[in-house]
Amino acid sequence: MRRLLAGVSAAIAVAACAFHASPAAAADAPYDVLVFSKTAGFRHDSIPTGIQAIRDLGAANSFTVTATEDAGVFTTANLAQYESVVFLSTTGDVLNTSQQSAFESYIRGGGGYVGVHAAADTEYGWPFYGQLVGAWFASHPAIQQVNSKTENRAHPATAHLPQTWTRTDELYNYQSNARSTARVLATLDESSYSGGSMAGDHPITWCKTFDAGRSFYTGFGHTQQSFAEPAFRSQLLGGIRYAAKRAKADCRPETGYTTLYNGSTTGWAQSGPGSFSNSDATLTSSGGMGLFWYNARQYTSYSLKADWKLTGDSNSGIFVGFPNPGGDPNVAVNQGYEIQIDASDTPDRTTGSIYGFKAADIAARDAALNPPGEWNTFEVLVEGQRIRVYLNGSLVNDFTNTDPNRNLDGYIGLQNHGSADQVAFRNVRIKESGTQPPASNVALNKPATTSSTESAAFPASAAVDGNTGTRWSSAFSDPQWIRVDLGRSYTINRVVLNWEAAYARAYQIQTSPDGTTWTTIHSMTTGTGGVQTLTVNGTGRYLRMYGTTRATPYGYSLYELQVYGT
């Protein structure tokens, strides 16, 4: 977000064709890969084809390939020259004790591992290897067609894949489920083939970090034909790039998230100009400046994750902690916080910053960031008034809100910045933590009374009807009040006032058990109008705004009086 523009609502447009991933902005820095294919058990006839495929990928993508079945190359000095080691359908015990020690030191020290297919049928007696590969082989049915469900479409090994990838291969069952220790990238749909034995949650491709090193595994690759498939070759390339630290990804284990967007826009609305097209479970921005926000409910403490990709030097952001914006995206700008997405600007306005408030840790951000044209993942961790931002699994910002006019309780949204800026989002998901307050405004459509009205056109009920097109307006004198009967006693933690141009300079927020005896829970003497989100702590069945000083010659005028509590 570089500038503020007011606008009108625009509907979401549905694109006629799928969004296609763009190539990386620049070639990777050259690196070296060791392909190891020693077998002490079953030997796959696809190994030579696989070696040639990896050589071809290297020739086209800046890495050299050394292929060997000699375990003697597993020494500390020799492994140091490689950024990644591929175990290509190895089987059985292929390394002795000293070779195992050298390889473990290599991984823990920052080296990369790529396991293909029968790499999971290897070194059953070596606990470190079992942790590295993620799960050991158990059994397999006959070769057959399967639907592979792509769970993560931001990782470089799977970003190019459709949500359902139908292909033919030998399909492993595993002795354990890798999900608890790895980020699962794809699973097998056990209803689409015969012989699956993992109770419906059947990971087939995953990644993880291991101390300073990285691990990627795919269970595909049994057949020679696999290595001729462009989609599988791209998966291999993405796994190798990730393991060699030429591409970044969030490979922390992930469970317990609720999908907010993964193809369906139910619960989302556009505020302001522009739109997002929705195709292939990908939102792509157009025009602006607007806000695509999730209006089904508000959130308090949570982990929000979203996959995103910029085209060139574009601009966007993820907004958190704002009240209902209606048709004005500037409500999110003025009352919430934006986690910025922008390749170039001042430090407090580039990717990972809390826009205009706190720059990201630039060194950590640059080390974790994929360039425009490649996918990235944000985690926005909100705990009370604290925001931590993780980029591809690395902490890049830690910010605490101290502004009394802002509150991190609220809605979340995605920015479409302008016609010159294009950003895509995938797989927006959230996991709540702790006890959440009610998602709804407890004053909505409750009985409201007031000290006066300007006329019958501006009743007290208009301030609690959820419609920003109606308002309550008082007589042109001090003091004035509006109160709402919540129907029962609440512990109130937040009040939102959405003022019209005639607003209060000084007022109190008060609660009462009976509508007669009032306790002040918040005082304001420097009101500035607009949308004011107040953090409060009070108990009562009745709540009122008691205005003592008008800021204009007119009365007090509220579009909305919202109350939140338990």
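Author: In what follows, Ala, Val, Leu, Ile, Met, Phe, Trp, Tyr, Cys and Pro count as nonpolar, Asp, Glu, Lys and Arg as charged, and the others, Gly among them, as polar. By these classes, the lining of the second largest pocket divides into two nonpolar, seven polar and eight charged residues. The model is predicted, so that local features need pLDDT of at least 70 and side-chain atom pairs count only at pLDDT 80 or more, while totals for chains, interfaces and linings use all residues. Residues are numbered from 1 along each chain as its sequence is written, and side-chain values use heavy atoms, with hydrogens and water left out.

Reader: What makes the space beside Glu151, Arg183, Thr259, Asn262 and Asn427 a pocket, and how many residues line the second largest pocket?

Author: On a 1 Å grid over the protein atoms alone, a pocket is an open set of points where a 1.4 Å probe fits, with protein on both sides within 12 Å along at least five of seven lines, and lining residues have an atom within 4 Å of a point. The second largest pocket is lined by 17 residues, and the five that you name lie nearest its centre. Its space is about 330 Å³, the volume being that filled by probe spheres set on grid points joined across faces, edges and corners. The largest share of the lining, three residues, comes from strand β24 (residues 423-432).

Reader: Why do β2 and β7 stand at the edges of their sheet?

Author: Strands are DSSP runs of E with at least two residues, and helices are runs of H or I with at least four, numbered from the N terminus; two strands pair if DSSP finds at least two bridges between them. Nine strands form an open sheet with mixed pairing, in the order β2-β1-β3-β4-β11-β10-β9-β6-β7. In this sheet β2 (63-68) and β7 (164-169) each have a single partner strand, so one side of each is left without a neighbour. Neighbouring strands are turned by 20° against each other on average, direction ignored.

Reader: How do you know that β6 and β9 pair?

Author: Three bridges join β6 (residues 144-150) to β9 (residues 183-188), and at least two are needed, so they pair, and they run antiparallel. Within this pair, Ser148 stands opposite Leu188 in β9.

Reader: Which strands form the antiparallel open sheet of five?

Author: The order is β13-β16-β23-β18-β19. Here β13 (268-271) and β19 (337-342) each have a single partner strand, so they stand at the edges. Six bridges join β18 (residues 315-322) to β19, and Gly317 stands opposite Gln340 in β19.

Reader: How do you know where the predictor is confident, and what is the average pLDDT?

Author: The score pLDDT is the predictor's confidence in each residue, from 0 to 100. The protein averages 92, and 94% of the residues score at least 70, but pLDDT stays under 50 over residues 1-25. Where pLDDT is low, the predicted coordinates should not be read in detail.

Reader: What makes the backbone at Met289, Pro479 and Asp280 worth a remark?

Author: Most residues other than glycine have a negative phi, and most peptide bonds are trans. A cis peptide bond joins Gly288 and Met289, with omega about 10°, and Met289 is found in the loop between β15 (282-286) and β16 (290-299). The bond from Asp478 to Pro479 is also cis, with omega near -10°. Asp280, in the loop between β14 (275-279) and β15, has a positive phi near 55°.

Conventions: Axes fitted to C-alpha atoms, helices over the stretch in contact; angles between N-to-C directions. Contact = heavy atoms within 4.5 Å.
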